[in-house]
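Thanks, everyone. I will keep this short and go through a few places in one structure. Here it is.

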Amino acid sequence: ETNVRCHIMLDCSASMGYGSGAITKLEYGRTLASALAYFMTHQRDAVGLVTFDHKVKDYLPSRYRQGHLMRILRTLAGVTLGEQTNLSRPISDTAFSFQRKGLIILISDLMDEPENIVKGLQHLRFKGNDIIVFHTMDAAELTFPFDRYTEFEDMESHERLKASPHVVRQAYLEEVENFC
């Protein structure tokens, strides 16, 4: 067995604030990041945390020290929603700070242009890192359960669209399938 150096990257952009049920995507991501940090620390692996939206909000380098897990958990507890998503910039910015190759865990709804996502992930891979992506989506985003005339609002741009779900459902589901 070898020790792993891990960086957990949590997307805190406004789109992560969506939740049709009891918890939002951000709350789910925060819980997932906390659990992963806990398990990795108890395996004696170094773990760090990066929270971001269009820029890096919090950066804790990967460490295996007493108390470091508590710093990570306190940071995660204080995470708030940010602004727009831009995956390539914060990933590229933090990739330069990763001194050694290791494991990068990205938790995001990936609500960004595909080119930005690929560019950011390629940058991490180029530096020799292994990458795990947890694509967080709400059930309503996948199934479009709306059945009444509804006003939809983009959580990042705040653009609004009023539509009958019966008219847009099929096109929306096809777009989501292509996106995924």
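A word on terms before the aromatic part: rings of Phe, Tyr and Trp, with the six-membered ring taken for Trp, count as a pair if their centres lie within 6.5 Å. Please keep in mind that this is a predicted model.

By that rule there are five aromatic pairs. One of them is Phe146 with Phe152: the ring centres are 5.3 Å apart and the planes stand at 80 degrees, so this pair is edge-to-face, the cut-off for that being over 60. Phe146 and Phe152 also belong to one aromatic cluster, together with Phe144 and Tyr172. Phe146 itself is partly exposed, with a relative accessibility of 27%.

Tyr172 takes us to the largest pocket. Its volume is about 1,200 Å³. The lining has 29 residues, and those nearest the centre are Met111, Glu141, Glu153, Asp154 and Tyr172. Two or more lining residues come from each of helix 5 (139-143), strand 6 (150-153), strand 7 (160-163) and helix 6 (165-179). Helix 6 gives the largest share, six residues. By type, the lining has 14 nonpolar, eleven charged and four polar residues.

Last, Ser88. Where does Ser88 sit? Ser88 is in helix 3, which covers residues 88-95. Is Ser88 buried or exposed? Its relative accessible area is 9%, and buried means under 20%, so Ser88 counts as buried. The Ser88 side chain makes a polar contact with the side chain of Asn86, at 3.2 Å. Beyond its neighbours within four places in sequence, Ser88 is in contact with Asp112, Asn116, Lys119 and Gly120.

That is what I had.

Key
Residues are numbered from 1 along each chain as its sequence is written. This is a predicted model: local features need pLDDT of at least 70, side-chain atom pairs count only at pLDDT 80 or more; totals for chains, interfaces and linings use all residues. Side-chain values use heavy atoms; hydrogens and water are left out. Helices (H or I, at least four residues) and strands (E, at least two) are DSSP runs, numbered from the N terminus. Buried means under 20% relative accessible area, exposed over 50%, partly exposed in between (1.4 Å probe, protein chains only). A polar contact is a pair of N or O atoms within 3.5 Å; within protein, one must be able to donate a hydrogen and the other to accept it, and residues adjacent in sequence count only if both atoms are side-chain atoms. Contact means heavy atoms within 4.5 Å. On a 1 Å grid over the protein atoms alone, a cavity is a set of points where a 1.4 Å probe fits but cannot get out, and a pocket is an open set with protein on both sides within 12 Å along at least five of seven lines; lining residues have an atom within 4 Å of a point. Grid points are joined across faces, edges and corners, and a volume is the space filled by probe spheres set on the points. Ala, Val, Leu, Ile, Met, Phe, Trp, Tyr, Cys and Pro count as nonpolar, Asp, Glu, Lys and Arg as charged, and the others, Gly among them, as polar. Rings of Phe, Tyr and Trp (its six-membered ring) pair if their centres lie within 6.5 Å; planes under 30 degrees apart count as stacked, over 60 as edge-to-face and the rest as tilted.
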